[in-house]
Amino acid sequence: AASYLNALRQTSARLRVYSEWLLGRQMLAQAIDDPSTLALQRRHRAVFFMDIRDFTRWSEAQPAERVVQMLNDFFAAGEGVWMRHDAIKAKPSADEVMVVFPRAESAVEAAQELRSPVAEALARYGLCVGMGLHCGSLIEGVLGSRDVKAYDVIGDVVNTAKRICDQAEAGELLISEDVRRYLDGRLDA
């Protein structure tokens, strides 16, 4: 019985880690307490994108192992920062990451703090990022089919944040007029 209980504890711990990877630590804790947290709902959120500039050109000349190491360094440099600023969801996708925050203030603070560690992590590869931030109303929750589901955010706020990021020069953080207006002078922009 003790061996079976130990195996269950180990399995439970692994499943918790895997679930945190998919939902994030904060969202998983909320979902365990209240499963309705995962239902699709309209919310006001800040959406931040960070994208590596010239990634495709750089990666074509690198062995896959070096590309993976660089991406792991990139995500590791940012993770601690966005978690300290109450990120709801971080969604890496190849050479970019989308991070959803509950408030514009949290997102701006995280974005400003991310500049140094991310620049340092990417400098040894000769790379840098552009960053973009927008806030507004979106749909958030679990979506998908019966067997394939994911917690995600959908809406024009996401699309606009991505477009703003695409316009940012290397090392630049661009924010939308909505973010600037929402912060109402609490930001030196």
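Threonine 37 sits in the loop that links α2 (25-33) to β1, where helices (H or I, at least four residues) and strands (E, at least two) are DSSP runs, numbered from the N terminus. This is a predicted model, in which local features need pLDDT of at least 70 and side-chain atom pairs count only at pLDDT 80 or more, while totals for chains, interfaces and linings use all residues. Residues are numbered from 1 along each chain as its sequence is written, and side-chain values use heavy atoms, with hydrogens and water left out.

**Threonine 37**
- Threonine 37 is buried, with a relative accessible area of 13% (buried means under 20%, exposed over 50%, partly exposed in between, with a 1.4 Å probe and protein chains only).
- Leaving aside neighbours within four places in sequence, threonine 37 is in contact (heavy atoms within 4.5 Å) with Met27, Gln30, Ala31, Arg43 and Tyr151.

**Alanine 90**
- Alanine 90 belongs to strand β2 (residues 89-93), and with 27% relative accessibility it counts as partly exposed.
- Beyond its neighbours within four places in sequence, alanine 90 is in contact with Trp82, Met98 and Val99.
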